[in-house]
Amino acid sequence: MSSSRRKVLLKVIILGDSGVGKTSLMNQYVNKRFSNQYKATIGADFLTKEVMVDDRLVTMQLWDTAGQERFQSLGVAFYRGADCCVLVYDVNSAKSFETLDSWRDEFLIQASPRDPENFPFVVIGNKIDMEEGKRMVSQKRAMTWCQSKGNIPYFETSAKEAINVEQGFQAACKNALQQEGEADIYSDYPDAIKINSHDADQGYGCAC
Amino acid sequence: MHSPFSLSTLIPPEALGSDAVTATLLHANRVILGTEKGSLLVFDLSNASTSISPPSATLVSKHEGFCKKAVDQLGVIKELNGLLCLSGGDLTLHSLPTFALLSSFSAQSRGAASLFALSTYIHQPPAAPPRRSNTSRAAPMAPSSPEIRTTLALACRRRLVLLAWIDGAWQTPSELALPHQIRGMAFDERKIVAGFSTGEYGIITLPAAKAAASEAPSLGELFTPTMPAVEKAKAIPAGLGGLGNVMGLGALGGLSLGAKKLEKNGVVAVPRAGKGKAKDDGGKSSDGATSGAWLWGKEWGWEDEEKEKETKEGEVLVVRENIAIPLTSSGKPRTSTPSSIIYPSFTDETLVVSPYIISLLAAPPPSLAPGSSSSSTSLSPSLAIHNIDTLAPVQTLAVPPPPISPPSSIAEGSDLKLPDPAAQQPFTARLLTVASSSAQPPLLLLTSRPPPGSASAAAAAPVEQTLWIVTMKSWQSQIEELGQAGAWEEGIRLVRRSGANGGMDLPPPLLRRLAVLHSLALFTEHRYDLAIDAFISLDITPSKVVSLYPHAISGKLHIEHAGHEELFGGRPQHKVAAAIEDEIMRKHEAEEEEKKRIEEEKKKAPASPARKGKVAAAVDDDDASSIRSGIGRLKGKASWIKDSSDVLEQIADRAAIDAERQAKLDAKRYATSVDELIRYLTDRRQKYAQALATLLPSARPAPSSPRARASGAELLELPDEPLTNLSPDQLARVAQVVDTALFKAYLATKPVMVGPLCRIDNWCEVEEVEELLLAAKKYQELLDLYNGKNMHEKAVKLLRQMADDEEDPEEKVGPTIRYLQKLGADHVTVIFESSRWVFEADRAAALEIFIADLEEVESLPRHATMAHLERIGSDVCITYLEHIIHTLGEEGSEFHEKLIELYLAAVHRPNGSGSDEAYQKLLDLLESSTSYRADRMLGRLPSEDMHEVRAILLGRLGRHEGALQIYVYQLEDHATAEEYCKRVYDSDASMRPTIFHLLLRIYLRPRPSHPLLFGPALSLISSHASSIDAIEVFDLLPPLVALGDIRVFLEKTLRRSGERVREGKVVRSIGRAEVDEEEGQLVDLEERRVKITEGRVCPQCHKRLGNSVIAIHSPRGEVTHYQCREKFQEMNS
Ligand SMILES: Nc1nc2c(ncn2[C@@H]2O[C@H](COP(=O)(O)OP(=O)(O)OP(=O)(O)O)[C@@H](O)[C@H]2O)c(=O)[nH]1
Ligand SMILES: [Mg+2]
C-alpha cells in the first residue's frame, strides 16, 4: 500500500490506580529506565515513541495520567481522541485490580469513542517481579475479567525487570491501528501540544 | 424590516433665510452651512444623538461674504482643526472656531477645482511599540497614533491634485494628469476610486506610506463596471420585485452611456468595519461575550466572512443614475447576488453610514406616476436605505415626511408652515451630502426646498428652505426592533458592520445577550459544534442547552421549538409561535394557489402531443416553485410521451424523494447534534466535578444522597454562570441535569455506553431514567444505577421481577444473592427483607447470602442475622451458627448457647431423622466450646434423657460427682467415667487428689438401690493406683477383699510408697549437701581483714584505735572500738 509510508500518530492513554507503575512502565518502554523512587504524577503528561509496525512508521503518543484522585483535578479532556487505552494494575494489590472496571467505565464516558464496544483496551498486570507470596491477583482471575470485557489482551509485566513491557505496548499499538479506520489514521493530525516532556526526569507539567 | 432612521426638522425656513444653502458640514456638534452667495451660517446642534429630546439647532454666527462665490463643498481636517472650503474653483483652509484664513491652495487648483475628497489614517510604523496617546483628535480611529496622515484629493478638471499632511505638517503636493474630468471619487486607504465624466472609472494608487519621494501616484486603466445594459434593462423590473416596498417605477429609458458627458458619476466611500480593535480588546476582558470579541471570532461561526474580509480590499460604492454598485477598490463588483441596487428613480446623492447605504432619490418623473396606485408622496423625493452587505432594502422615507402625524420634534416648531400635501406642490430635495468629518455619526443633514407659494412662475423668488435631520436609532433599539421580528442575526450583522466600533461600544449586557442569541442561532442553523463551543464559553446553564433537544433526550426540560428563543433571551414563546403560525399560513395559502393552478392547467391540458409539449413548456417557464421547476426541466426532455397526469405523478414522486432526502438529512443532523451534546455534557461533567472538588467536604453534595425532584422550569432557572460560582445545591442540580441528559443521549445513540455511565459515580436522576432502562430491558444497568444510588430496595424488587421470568432455578436466585452479598452491614434490613423470598425459592443457595466467604458478608451483624435466620428456620440458623463458630471462630456465648439450644430442639424434634447427628454435634460442641454458660444450659435440659449432655454440663460446673454418677448410674459407662476422671485430673490441679477417689466412692459406696460396683472399682484402682490415695482406698474397700483382686493395686501402692521414701531420702541428702555448701561459702564471704594503722580513728568516738579491741562491721567493713560497736550499729541501722 502506497500510503503506508505516511506518518501515523496514535494516542494511547495509560490509566490505573496510583502507584501501580504507570509512569514506570512508560519510562521503561520509552527510556529503558527504571527508578525505585515513587513520585506521584500530577495531572497528565506524555512521551512519544516511534515504532515500526508492519513497515509503517507509527508515532505513539503515550499519555501518562495521575492515579491519585487529588492530582486528577486538571481534567481528563485529553481522553478525547484516544486510539487505545492501557489499563494497568498491580498484581500484588487486589484493590488496584478491582478498580479497573471503573477506570474503564470512566474512560469510555470521558473519551466517548465512536465505537465503544470495540474500543481497543490492553490490560497490564505489573510488578510480577515481587515475591510470589505477595501476589494477590491470579493470572486466571485477571484473564477471566479481560475475557468478560470483550477479550481484552492481557499482559503481565515488570517495569523494574523490563519483562513483557515491550510486548504490552506493542499490542496496544497494533490494536489501535487495527481498530481505527484507515481514513482516520491518515488524515492530518494537528500538532500535539508541546511540553517539554521528552526528558522523563523533568517535572511533569500539566497539559490541559 | 425595521426602520432605523427618522426624519425631523432641524432648522426651519425662517432661521435659514432665503440664501440658498449649497454646502453643509457637520463637525463637533456644529452645523456649518455654505450658501449660494458665499455666506457661512454656523448653528449649534444639541441633542443630536439622544432620543430624550428632539435635536435642535441654534444660530451661532453668520459670516456673510465668507467667499466671493457660492460655497460648493465644505470639509474638515481634524488634526489641523481646519475647515476646508471649496468655492469658485479654489480651495481654502480656515482655522475652525474663528474661520480665519490659514492658507489657500489656489496655486494648485488654479480656479479649476470642482470636488475634493479627504482621507485621514493613522500610520503605525511596524516596529513602534504600541502606546496610548491622550490625543483625542483622531477620534474615529485608534487613539494610539505615531503618525496621522491626511491626504486630500482635489479634482481640477483633468488634473488631480494631492495635498498631504503628516501629523499636521504640510507635505509637498503632487499632481496627476487625468484623461477626463472627475465627477466623483472616494478613498479606500491608499487608493482612490474615481468616476469620470465619461461614465468610466479609474483607480488611482497613491505611493505607499514610506515610499520614496520619486514614486508618484498612478492611475490604472479605466474601466466600466460589469453592469451590462442587459442586466440593467432586465434588472429594473426584477429589482422592483426585490425591493418590495419601494414605490414607483424606475424604468427610465435613455440611460445612455454614449459620448455624452455625465454631470454626475458619484463614488461614495464605504468605511471599513472596525473590528481590528475588537480583537485587541478581546484579550483584556475575561468575558469574551461582553467584550464583543465573539462578533469576530472564527469559533463563533464567522469564518466565511472572515476569510473574505482578510483577502478583500475595501469597497467603494459607485452611484450613477438609478444604480448603485459596490466595487472593490480594485474595481471588481461583488460576486454575490444581488451585486447592485437598482433604485426606482435617479439618485441625487448617496452616502454610506455603515451598515446602511442612504440614497436621496429624486422624485420620479410625473409621467410615470399616473396609473400607479401609490400615493402622492411618491412624487416627492425620498430617502432609500439599503443594507450594505445584502443590498436589501431596509427603509424608505418620504422627503419631507408626510405630515399625517407630525413627529414631536416638529410639534414645537408648529409655526413652520408645512406644505399642504393636497396642493401637490413638488419638493426638490437638493442636498444630502453630509460632508461631516466622517461617515460615522448616525446623523446626517438634508435640506429640501419647496418653491414658495403656488406660483410656478415665481421661480426666482426667494426659496423656502428647511434643514432636516436624519437621526438613526440607537443600535440597541434597532437590534431590539429587528429581534422582535425574529431577526436577531440580522441585528448582530448590523452591529458587526456598524460604525459603532464593531459593536464594542454597546453596553456589555446587550452584547452578552446578543452573543447568547447568536449561539442559539448557530444551533438552529445546525452548526452544532460551534453552538456547543459558544454555549460553553458563555456558560449557558446545561439545562437550557439540553432543552433544545427532543423530548427523548431532554425529558422534563423539553421546550417547544418556539420557546427556545425566550430561553436564550429573545422573544417570548407566544410571539414566536404566532410568527411561525403566520409563516405556515402564508405557505399554505401559496400552496393552495399553486394547486389550483395545476388543477386548472390539467383541466386545460388537451390530449394532443403537441399541446402536451406546451403544458410542459408552461411548467418549464414557471419558476415559482423549485419543485415545479425541477419537474419542468425533466418534462422538457420527456414531454412527448408523458401525459399531463404524469406530471402530477412525477410531482408526487419528486416530493416523496425530496421528503426522503430531507428525512435522511434530518437524521444525520440529529446524530451530529447528539454527538455534540455528548461532547458538551462530558465536558460539563469534568467542570462540575472540578467545581465540586473545590467545595469543603462538609458542604459537598454527594451523588447518592437523595434530593427532592426539581421541575424542568426550576432547572431552567439555574444561572448562566461558571460552575464554580454556583452554590453547592445549584451545582448538584447542574450535575443532575448533565448526567441525566448524558444518559439519555447515550440511550438514544450509543446504548452500550449506558452501562459504564451507570456503573461510575453519576448524578443521573433515577426517576427520569428508570422507565427508559426498563423499557430497553437494560436490567443490569438499572441495577448498577440503583446500586450506585443506594436504592437497594428498588434493586431487589427489580431482581425479584427478573426472577419471575427466569426458568433456570440457579439463575432465578443467583443474581439476587450476588447483589445482596455485596451490600454489607449498612443495608442489612434490605438484605434480610429480600432474603426471605430467596429462602423460599432455594434454601441452600439463600444461605450463601449470609455465609459466603466475602468481606461484606462477613461484616453483617451476627446477632441480627442470627435472629433473622432463626425466624426463617432453625436449620438455616444452625448452619449459620456452625459457620460463624467453626469457620469464623465466633466466641460469643449467645451464639454458642443458641446453637446448643437449637441442637437440643433438633434432638427432641419428633421423627427427627437427623437427631442422632444433631446429638453428636451437640456433644461435640459442648465438649469443645468454652463459650457457653453451663448452668443455663443445664436449666434448659429436659429432666430426663440426655445423660451425656447433663454429665458434660455438670462437669463444666465442677459438679464432678454428679457427672460421674450419671456415667455410672444412668449410662453405666465406666470407661467414659474413667476417661472423665483422667481428663479432670489432667486439667484441674485442685481436683487431682480427689477425682479418682470420687469415682471410687461411687463404685464402692453406691446409692442404696445400686449394687456395689466392685469390678470397675478394682480396675480403677489398679490402673490409677498412683493417682489414688491408698488410705482412702482402704477405707472404701469392703472389709473382705480377696488379696488377689487388689494385688496389682497393692503392689503398685507399695512400690510407690517405697519409691517415695527413697525419693525423700535422696532429696534430703541433696538438700543437706546444698546447705553445707552454702554455709561454707558464707564463711568464706564473711572472712575479713582490716589494717589498723597508727592514725586510724574509730568512726564512732573519733579516737585512735591504737591497740584496743576492735569490732568490724559488715558489710562495709568499718572498724570501731569494740566498746563502740553497739552505739555504731544503732546509729547506722
Ligand atoms: N518491584 C517493582 N516495583 C515497581 C514496578 N513498577 C513500578 N514500581 C514501583 O512502584 C512505585 C510507583 O510507580 P509509579 O510508576 O510512579 O506509579 P504510578 O502508577 O505512575 O503512580 P501515580 O503517578 O501516582 O498514578 C515506584 O516506587 C516504582 O518504583 C515493577 O514492575 N516492579
Ligand atoms: Mg505516575
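**Magnesium site, chain A**

I started with A:Thr41, which is buried at a relative accessible area of 7%. This is a predicted model, so I am reading everything here as prediction. I looked up A:Thr41 for its OG1, which is a protein donor of the magnesium ion (ligand 2). The other protein donor is OG1 of A:Thr23, and the two lie 1.9 to 2.0 Å from the ion. Where do A:Thr23 and A:Thr41 sit in the chain? I found A:Thr23 in helix H1 (residues 22-31) and A:Thr41 in the loop between H1 and strand S2 (44-53), 18 residues apart, so the pair links distant parts of chain A. I also checked A:Thr23 for burial: with a relative accessible area of 18%, under the 20% cut-off, A:Thr23 counts as buried.

**A:Thr99**

Next I went to A:Thr99, in the loop between helix H2 (94-98) and helix H3 (100-111) of chain A. Buried or exposed? A:Thr99 is buried, at 17% relative accessible area.

**Positive phi, chain B**

I noted down two residues here. Most residues other than glycine have a negative phi. B:Leu391 has a positive phi, near 60°, and is not a glycine. I placed B:Leu391 in the loop between strand S25 (382-387) and strand S26 (393-398) of chain B. B:Leu391 is buried, with a relative accessible area of 5%.

B:Asn790 also has a positive phi, of about 60°, without being a glycine. I found B:Asn790 in the loop between H23 and H24 of chain B, following H23(B). B:Asn790 is partly exposed, at 41% relative accessible area.

**H23 against H24, chain B**

H23 (residues 779-788) and H24 (residues 792-804) of chain B have axes that come within 8 Å and cross at roughly 160°. That angle makes H23(B) roughly antiparallel to H24(B), since the cut-off is over 145 degrees. I logged the crossing as left-handed.

Which residues make the contact? From H23(B) I listed B:Tyr779, B:Leu782, B:Leu783, B:Tyr786 and B:Asn787. From H24(B) come B:His792, B:Lys794, B:Ala795, B:Leu798, B:Leu799 and B:Met802. Sorted by class, I get eight nonpolar, two polar and one charged residues.

I then looked at what is buried in H23(B): B:Glu781, B:Leu782, B:Leu783, B:Asp784, B:Leu785 and B:Tyr786. These buried residues pack against H24 and also against helix H21 (754-759), helix H22 (766-775) and helix H25 (809-821) of chain B.

**H20 against H22, chain B**

I noted a left-handed crossing for H20(B) and H22(B).

On the H20(B) side, the contact is made by B:Thr740, B:Phe743, B:Lys744 and B:Leu747. H22(B) brings B:Glu768, B:Val769, B:Leu772 and B:Leu773. By class I have five nonpolar, one polar and two charged residues in this contact.

Notes. Residues are numbered from 1 along each chain as its sequence is written. Chains are lettered from A and ligands numbered from 1 in the order in which they are written. This is a predicted model: local features need pLDDT of at least 70, side-chain atom pairs count only at pLDDT 80 or more; totals for chains, interfaces and linings use all residues. Side-chain values use heavy atoms; hydrogens and water are left out. Axes are lines fitted to C-alpha atoms, for helices over the stretch in contact, and angles run from 0 to 180 degrees between N-to-C directions. Helices (H or I, at least four residues) and strands (E, at least two) are DSSP runs, numbered from the N terminus. Angles under 35 degrees count as roughly parallel, over 145 as roughly antiparallel, 65 to 115 as roughly perpendicular and the rest as oblique. A crossing is left-handed if the near helix is turned anticlockwise from the far one by less than a right angle, and right-handed if clockwise. Contact means heavy atoms within 4.5 Å. Ala, Val, Leu, Ile, Met, Phe, Trp, Tyr, Cys and Pro count as nonpolar, Asp, Glu, Lys and Arg as charged, and the others, Gly among them, as polar. Buried means under 20% relative accessible area, exposed over 50%, partly exposed in between (1.4 Å probe, protein chains only). Donors are N, O and S atoms within 2.8 Å of the metal (3.2 Å for Na, K and Ca); water is not among the atoms, so sites may look incomplete.
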